[in-house]
Amino acid sequence: MRLSVRGFSLRYGVRVAVDRVDLQANPGEVLAILGANGSGKSSLLRGLAGVQRHAGTVEWSGGEPGRVGYMPQDTSARSQLTAFEVVLLGRLRSLAFKVDVADLKAARDTLEEVGISHLAERPIRELSGGQRQLVFLAQVLSAGPSALLLDEPTSALDITHQLRVLALLRSATHSRRLTTIVVLHDLNAAARFADRIVMMHDGRVAGHGTPAEALTAETLRRCYGVEVAVFSGPDGAPVILPLRPCDADAAP
């Protein structure tokens with residue numbers, strides 16, 4: 001599905017969290033939303049997912065609006081359900097006495113795809129934060145979505161699992177023609193795995209384009225208040241090296 005957003009604004013009382021944002025996301029591409037804490041990234045994603053009221057227009061075209069998979073930042077769980085049952089819920093929306101064989105197979109296949117089949121029988125509440133993150137990602141993928149909205153899906157993962165998950169998302173997005181929007185904090189991960197990037201600052205779009213176009217020293221200085229060096233990595237993706245806060249020279 002193609003997403004077109006025009007004049008998107010979101011408030012919490014009198015505070016403006018997102019201010020008149022326009023963006024477009026296309027099938028087969030990973031769009032990363034980057035920015036400092038409080039820049040409006042998660043609020044934007046919640047509004048796009050339909051769980052937060054907003055102003056402006058959000059239009060999904062070329063697919064079923066109900067086929068949007070949303071994974072919030074908070075994946076804490078106290079449920080007695082096993083990891084397999086949590087993933088199966090992504091297929092069924094609610095558990096029943098009789099489950100179709102195809103749904104059972106899809107849940108098992110997704111656990112295998114994400115690399116957590118060994119956790120299938122473990123209660124979700126006993127898993128680590130990173131393991132729960134992988135289970136809920138598998139739940140979203142198992143539903144067969146046309147679009148993915150993922151809020152920091154790698155925040156609790158070690159570097160090995162971060163690379164695997166981002167490679168999986170990129171591969172699935174391209175092969176299944178998904179429209180994937182992902183909020184990330186890791187600039188270098190976004191530079192390597194995203195097709196396009198939107199930079200947020202104070203609730204507004206501060207830059208957008210390919211990783212090379214969006215991740216410039218000037219834009220990063222404006223959005224994060226840091227001096228950086230940007231150079232080309234071995235695979236051609238930009239590599240961001242933070243140097244110092246912009247106000248470091250003024251510190252006593």
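This is a predicted model: local features need pLDDT of at least 70, side-chain atom pairs count only at pLDDT 80 or more; totals for chains, interfaces and linings use all residues.

Trainee: Next, the nonpolar cores. Which residues have the most contacts inside the largest one?

Mentor: A nonpolar core is a set of buried Ala, Val, Leu, Ile, Met, Phe, Trp, Tyr and Cys residues joined through side-chain atoms within 4.5 Å. Buried means under 20% relative accessible area, exposed over 50%, and partly exposed in between (1.4 Å probe, protein chains only). The largest core here has 50 residues, and A32, L34, I116, V135, I197, M199 and L215 have the most contacts inside it. Helix α4 (residues 129–142) supplies the largest share of this core, 7 residues. There is also a second, separate core of 23 residues, which includes L31, W60, A147 and I181.

Trainee: Let me pick L215. Where is the place of L215?

Mentor: L215 is in the loop between α7 (211–214) and α8 (217–224). With a relative accessible area of 1%, L215 is buried. For its surroundings, contact means heavy atoms within 4.5 Å. Not counting residues up to four places away in sequence, L215 touches L34, L187, A191, I197, M199, L220, V230 and I240.

Trainee: How about helix α2: which of its residues are buried?

Mentor: In α2 (residues 83–92), the buried ones are A83, F84, V86, V87, L88 and G90. They pack against α3 (101–114) and α4.

Trainee: On to sheets. In what order do the strands of the 6-strand open sheet come?

Mentor: The rule is that two strands pair if DSSP finds at least two bridges between them. This open sheet has the order β5-β6-β7-β3-β8-β9, with mixed pairing. At its edges are β5 (68–71) and β9 (204–209), each pairing on one side only. Strand β8 (residues 196–201) pairs with β9 in the antiparallel sense over 5 bridges, and H201 stands opposite R204 in β9.

Trainee: Which strands does α8 lie across?

Mentor: For angles, axes are lines fitted to C-alpha atoms, for helices over the stretch in contact, and the angles run from 0 to 180 degrees between N-to-C directions. Helix α8 lies across β3, β8 and β9, running at about 40 degrees to β8. Helix α5 lies across β3 (29–35), β6 (147–151) and β7 (179–183), at about 135 degrees to β3.

Trainee: What about the open sheet of 3 strands: what order does it have?

Mentor: The order is β2-β1-β4, with antiparallel pairing. Strands β2 (15–25) and β4 (55–61) stand at the edges, each with a single partner strand, so one side of each is left without a neighbour in the sheet. Between β1 (residues 2–12) and β2 there are 7 bridges, and L3 stands opposite A25 in β2. Helix α1 (residues 41–49) packs on this sheet, touching β1, β2 and β4.

Trainee: Last one: what is the phi of R177 near?

Mentor: Most residues other than glycine have a negative phi. Phi of R177 is near 55 degrees, a positive value in a residue other than glycine. R177 sits in the loop between α5 and β7, and at 51% relative accessibility it counts as exposed. D202 also has a positive phi, near 50 degrees, and its place is in the loop between β8 and β9. D202 is exposed, with a relative accessible area of 59%.

Methods. Residues are numbered from 1 along each chain as its sequence is written. Side-chain values use heavy atoms; hydrogens and water are left out. Helices (H or I, at least four residues) and strands (E, at least two) are DSSP runs, numbered from the N terminus.
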